[in-house]
Amino acid sequence: MWEKVKEDYFTHDDLIDAYLQGKSDQKDESKKILMQHLSGNVDRATSIIESVYHKIKNDFKITVSSVSLKIDSISYFEALITVDRSNFLADEFMKVYEFATSIKKQNNNDTFFISFTFMPYSSELNMDCIHSDGFILEYAKK
Amino acid sequence: MRKNDASLAHAEHNEKALKYIDKTPDFLDWVITMCFYSSLHYARYKLFPLPDATSDGKSKFQHKTFDEYSRFYRDKPISKHMMLHNLLEEHHPEISSEYGQLMDLCKTARYHNYKYTREESNLAKKLQVKIKTYCSPAVSVPPAV
């Protein structure tokens with residue numbers, strides 16, 4: 001009587017299926033790691049921007065109209081800070097730039113980079129243009 | 001190593017255009033843009049050639065121009081404008097804030113529908129003069145005979 005030999009080999013199809021399954025699992029794993037990294041960096045950017053906002057408002061006594069965030073990549077963030085026009089035009093505003101430089105120096109490295117752009121407030125700001133440039137997250141002031 | 005005279009020439013060229021266009025109040029957005037691009041080339045002139053070293057510090061070399069530098073660091077996830085500003089913050093903090101504000105004025109012009117007043121363009125000109133004064137080559141005084 002013949003008995004079927006136990007399958008202890010893989011066909012080409014088995015091999016390809018296993019490869020695709022492994023690739024998919026790895027992709028999910030990589031995606032998860034990237035999402036964790038992004039989420040951590042967004043939290044970090046938010047915390048930095050919050051401290052900059054409070055410093056400008058409370059210590060420099062400058063009226064901040066809005067703060068927007070652009071996520072350029074998983075590790076690169078840009079903050080757009082709109083301030084009172086007369087404050088922006090004053091010589092003293094240079095101190096805000098010096099402060100922003102010090103914040104960048106403290107925080108930027110190979111895996112995290114934040115930059116700050118300041119602009120004077122105007123009632124005719126082109127919000128469509130600002131949003132289309134990627135500044136789609138607006139800081140809800142506390 | 002010699003300074004890059006092309007950067008200086010380009011800075012002066014943009015400055016000439018700025019003075020020409022500033023005669024009327026019709027192109028204040030362009031006045032700001034020309035202030036910025038004049039300053040950008042003055043900054044490049046001041047910064048380069050720039051000494052550098054490999055990450056292990058074993059080999060030292062120089063970047064002759066900003067283009068060479070940005071090509072070398074092309075893996076950095078930042079724009080070339082930001083790269084130049086960062087270099088000023090690191091090597092010439094005396095003018096990095098002025099450069100930053102001028103860059104911001106230029107960069108955000110479109111958010112203001114390109115409508116700027118004389119106050120903004122005067123600020124841009126003041127910043128450009130400061131950057132130019134800092135970056136320009138020192139005028140050599142001929143020896144007394």
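Trainee: Which residue of E3(A) stands opposite Leu80(A)?
Mentor: Thr117(A) does. Strands here are DSSP runs of E with at least two residues, helices are runs of H or I with at least four, and both are numbered from the N terminus.

Trainee: What kind of model is this?
Mentor: A predicted one: local features need pLDDT of at least 70, side-chain atom pairs count only at pLDDT 80 or more, and totals for chains, interfaces and linings use all residues. Residues are numbered from 1 along each chain as its sequence is written, chains are lettered from A and ligands numbered from 1 in the order in which they are written, and side-chain values use heavy atoms, leaving out hydrogens and water.

Trainee: Back to E3(A). In what sense does E3(A) pair with E2(A)?
Mentor: Parallel, over eight bridges. Two strands count as paired if DSSP finds at least two bridges between them.

Trainee: What sheet are they in, and in what order do its strands run?
Mentor: An open sheet of four strands, ordered E3-E2-E1-E4 in chain A, with mixed pairing. E3 and E4 (137–138) of chain A are the edge strands, each pairing on one side only.

Trainee: New topic: H3(A). Why does its end-to-end distance make sense?
Mentor: H3(A) has 14 residues, 94–107, so at 1.5 Å a residue it should span 20 Å. The expected span is 1.5 Å times one less than the number of residues. The end C-alpha atoms are 20 Å apart, which agrees.

Trainee: Which residues of H3(A) are buried?
Mentor: Among them are Met94(A), Tyr97(A), Phe99(A) and Ile103(A). Buried means under 20% relative accessible area, with a 1.4 Å probe and protein chains only.

Trainee: What do those buried residues pack against?
Mentor: H1, H2 and E3 of chain A, together with H4, H5 and H6 of chain B.

Trainee: How many residues of chain B are in contact with chain A?
Mentor: 26, and they are in contact with 29 residues of chain A. Contact means heavy atoms within 4.5 Å.

Trainee: How many salt bridges are there between the chains?
Mentor: Six. A salt bridge is a side-chain nitrogen of Lys or Arg within 4 Å of a carboxyl oxygen of Asp or Glu. One of them joins Glu120(B) to Arg85(A), with the closest N and O atoms 2.7 Å apart.

Trainee: Which element gives the most to chain B's side?
Mentor: H5(B), with seven residues.

Trainee: And what does chain B contain overall?
Mentor: Six helices and two strands. From the N terminus on, they run α-α-β-β-α-α-α-α. Of its 145 residues, 47% count as buried.

Notes
Buried means under 20% relative accessible area, exposed over 50%, partly exposed in between (1.4 Å probe, protein chains only).
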